[in-house]
Amino acid sequence: MKRKNTYLLIRAVAQLLKEGSTLTLRIIGDGPERSRLETLARNLGISRQVIFQGLVPNSELPAYYQQAAVVCLVSRAEAAAAAPLEGMACGTPVVCTPTGIMGEILQEREIGILVDGNAASIAGALRTLLADEQLRSRMGVEGRTVIERQHTWGRIGASYVDAYYEACDLRPSHSKP
């Protein structure tokens, strides 16, 4: 979870709660940092507003994404950035650091907010989205459209196959120059 920068997200939520926002942070997943993160939430006085959901079966994830106002991924490094893509597929706007493909996707379209890796930037993005239901709705609809057009598992699988063939120079003979 260290790589996930979850502690920054907890600090951002603490700032928003201090300002008077009413929100709950639900952390899905588990890892060796969980006890430290629980301690951080307790020390910041927000343990009631931070729910450590733990591991959730993939079949149950869409319900969580659909219930969320925003999906956040503020990792330092991410290969595929599955959580925000799944959130977008469920019509939920995202707040992300530019890891994996999220930097490219969020720079092309207004479907979420790209943040720096600091609590103030994360809090600012959350503040903006939580205050504007129409913006969240518009971003959610647009994000789902982008996923449906460009990021289906069929397209992703095909791009992996293409990359594999290219890396191994195994393109079918009809496609070689």
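**Terms and their grounds**

Guide: In this predicted model, Val 161, Tyr 164 and Tyr 165 make a nonpolar surface patch of about 290 Å².

Visitor: What makes Tyr 164 count as exposed?

Guide: Tyr 164 lies in helix α8, residues 153–168. The term exposed requires over 50% relative accessible area. Tyr 164 has 51% relative accessibility, and therefore counts as exposed.

Visitor: Why is Thr 99 called buried?

Guide: Buried means under 20%. Thr 99 has 7% relative accessibility, so the term buried applies. Thr 99 is placed in the loop between β4 (94–96) and α5 (102–108). Apart from neighbours within four places in sequence, Thr 99 is in contact with Leu 73, Ser 75, Arg 76, Ala 77, Glu 78 and Ala 81.

Visitor: How many residues does the largest nonpolar core have, and which of them have the most contacts inside it?

Guide: The largest nonpolar core has 29 residues, and Ile 10, Ile 46, Ile 122 and Leu 126 have the most contacts inside it. At least two residues of this core come from each of α1 (6–18), β1 (25–28), α2 (34–43), β2 (50–54), α6 (119–131) and α7 (133–150). The largest share, eight residues, is supplied by α1. A second, separate core has 17 residues, including Leu 61, Cys 96, Leu 106 and Ile 147. In soluble globular proteins, nonpolar side chains tend to be buried together.

Visitor: Which residues is Ile 46 in contact with, leaving aside its neighbours within four places in sequence?

Guide: Ile 46 is in contact with Ile 10, Val 13, Ala 14, Leu 17 and Ala 41.

Visitor: How do you know that the span of α1 is close to the expected one?

Guide: The 13 residues of α1 reach 18 Å from first C-alpha to last, and 18 Å is expected at 1.5 Å a residue. Buried residues of α1 include Leu 9, Ile 10, Val 13 and Leu 17. The helix's buried residues pack against β1, α2, β2, β3 (71–73) and α6. After α1 comes Gly 20, with a positive phi near 110°.

Visitor: Why are Arg 34 and Glu 38 separated by about one helical turn?

Guide: The two residues are four apart in helix α2, which means a separation of about one helical turn.

Visitor: What joins Asp 30, Arg 34 and Glu 38 into one network?

Guide: Salt bridges that share partners join Asp 30, Arg 34 and Glu 38. Asp 30 forms a salt bridge with Arg 34, with 3.5 Å between the closest N and O atoms. Six salt bridges are found in the whole structure.

Key
Residues numbered from 1 in each chain as written. Predicted model: local features only at pLDDT ≥ 70, side-chain atom pairs only at ≥ 80, totals over all residues. Heavy atoms only, no water. Patch = residues over 30% accessible without salt bridge, like charges linked within 9 Å, V, L, I, M, F, W, Y side chains within 5 Å. Areas by Shrake-Rupley, 256 points an atom, 1.4 Å probe, with all protein chains shown as cover. Salt bridge = Lys/Arg side-chain N within 4 Å of Asp/Glu carboxyl O. Buried < 20%, exposed > 50% of the residue type's maximum accessible area, 1.4 Å probe, protein only. Core = buried A, V, L, I, M, F, W, Y, C linked by side-chain atoms within 4.5 Å. Contact = heavy atoms within 4.5 Å. Expected span 1.5 Å × (residues − 1).
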